[in-house]
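I opened the notebook today to go through one model, feature by feature. Here is what I looked up, in the order in which I went.

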Amino acid sequence: MDPRDAAIQDIVDDVIERDPRLKALSCNADVKGGVVHVTGAVPSPSDRDRLRRMLARLRAVNAVWDTVSTGENQALRIVDLGCGGNKQVAGAIGVDAWPHPGVNVVTDVENGLPFGDQEIDYVFAVHFLEHVHDLVGLMNEIHRVLKPGGVLHAMVPHVSHVNAVADPTHVRYFDRQTFKYFCEPRPKVSPFRPVCVSMADGNVLADLQKGVGEEAASDRELALFFS
């Protein structure tokens, strides 16, 4: 393991083992590239949300990519947008415009997502959103298909990094502030709540949660990641 990841892993393990609210949860957390990958099952959505947010606020953690089930929802539905031949999670529904090996649904997401309302637990969009022309439309579609409490795990190149401009198929640039746009009330935009938003190694990483009851993110939540 990379020394930095090993140091973060020690911190994550210590928090889970020492905090009485997390110690009893049946979950596993592995750190790769500063991202905490969390799997397992917890009794309730509130336990899952607490786990996400406590890990997201640890120093040096870039993102929390959890695929945690709750007592009422053991069979997860996970979508990987633009997966190509490399899904982020085994068993995810791979969506791509091209029929790569492992792609389950071949479609152009510019025309919407072929899923029903509130039927998906997690959506991964890793180095994909920078290729999308109608970003607002797709983000609204992701919000639509996610269950309340579901999360979008996104990674995009930062505007300052050469990777943002080196690929001519990229149609837009990103900064951390780009994701703030989708966390504030706006006309015709379905708002998310930020779980963790960071910049690391030339990338912007954003974990955005569909709220329960559609409550808006507080000024404190926004300030934590966007000020």
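**Entry 1**

I began with Val 103, which is buried at a relative accessible area of 15%; here buried means under 20% relative accessible area, exposed over 50% and partly exposed in between, with a 1.4 Å probe and protein chains only. A note on the source: this is a predicted model, in which local features need pLDDT of at least 70 and side-chain atom pairs count only at pLDDT 80 or more, while totals for chains, interfaces and linings use all residues. Residues are numbered from 1 along each chain as its sequence is written, and side-chain values use heavy atoms, with hydrogens and water left out.

I found Val 103 in the loop between strand S5 (93-96) and strand S6 (105-106). Helices (H or I, at least four residues) and strands (E, at least two) are DSSP runs, numbered from the N terminus. Leaving aside residues up to four places away in sequence, I listed the contacts of Val 103 as Cys 83, Gly 84, Gly 94, Val 95, Asp 96 and Trp 98; contact means heavy atoms within 4.5 Å.

Next I went to Val 105, which sits in strand S6. Val 105 counts as partly exposed, at 21% relative accessibility.

**Entry 2: pockets**

Rolling a probe the size of a water molecule over the atoms shows where empty space is left. I took a pocket to be an open set of points on a 1 Å grid over the protein atoms alone, where a 1.4 Å probe fits, with protein on both sides within 12 Å along at least five of seven lines; lining residues have an atom within 4 Å of a point. Grid points are joined across faces, edges and corners, and a volume is the space filled by probe spheres set on the points.

The largest pocket holds about 280 Å³ of space. I counted 14 lining residues there, with Asp 96, Ala 97, Trp 98, Phe 128 and His 131 nearest the centre. That lining has six nonpolar, five polar and three charged residues. The classes are nonpolar for Ala, Val, Leu, Ile, Met, Phe, Trp, Tyr, Cys and Pro, charged for Asp, Glu, Lys and Arg, and polar for the others, Gly among them.

The second largest pocket has about 200 Å³. Which strands each supply at least two residues of its lining? I noted S1 (26-32), S2 (35-42) and S3 (63-70). Among the lining residues are Asn 28, His 37, Trp 65, Gln 88 and Phe 124. By class, this lining divides into four nonpolar, five polar and two charged.

**Entry 3: aromatic pairs**

A pair of aromatic rings is described by the distance of the centres and the angle of the planes. Rings of Phe, Tyr and Trp (its six-membered ring) pair if their centres lie within 6.5 Å; planes under 30 degrees apart count as stacked, over 60 as edge-to-face and the rest as tilted. By this rule I get three aromatic pairs. Trp 65 and Phe 124 form an edge-to-face pair, because their ring centres are 5.6 Å apart and their planes stand at 85°. This pair links distant parts of the chain, as Trp 65 is in S3 and Phe 124 in strand S7, 59 residues apart. Trp 65 is buried at 7% relative accessible area, and Phe 124 is buried at 2%. Phe 174 and Phe 179 have ring centres 5.7 Å apart and planes at 20°, so I logged a stacked pair. Phe 174 and Phe 179 are both buried.

**Entry 4: positive phi**

Most residues other than glycine have a negative phi. His 127 has a positive phi of about 50° although it is not a glycine; I placed His 127 in the loop between strand S7 (120-126) and helix H4 (135-145).
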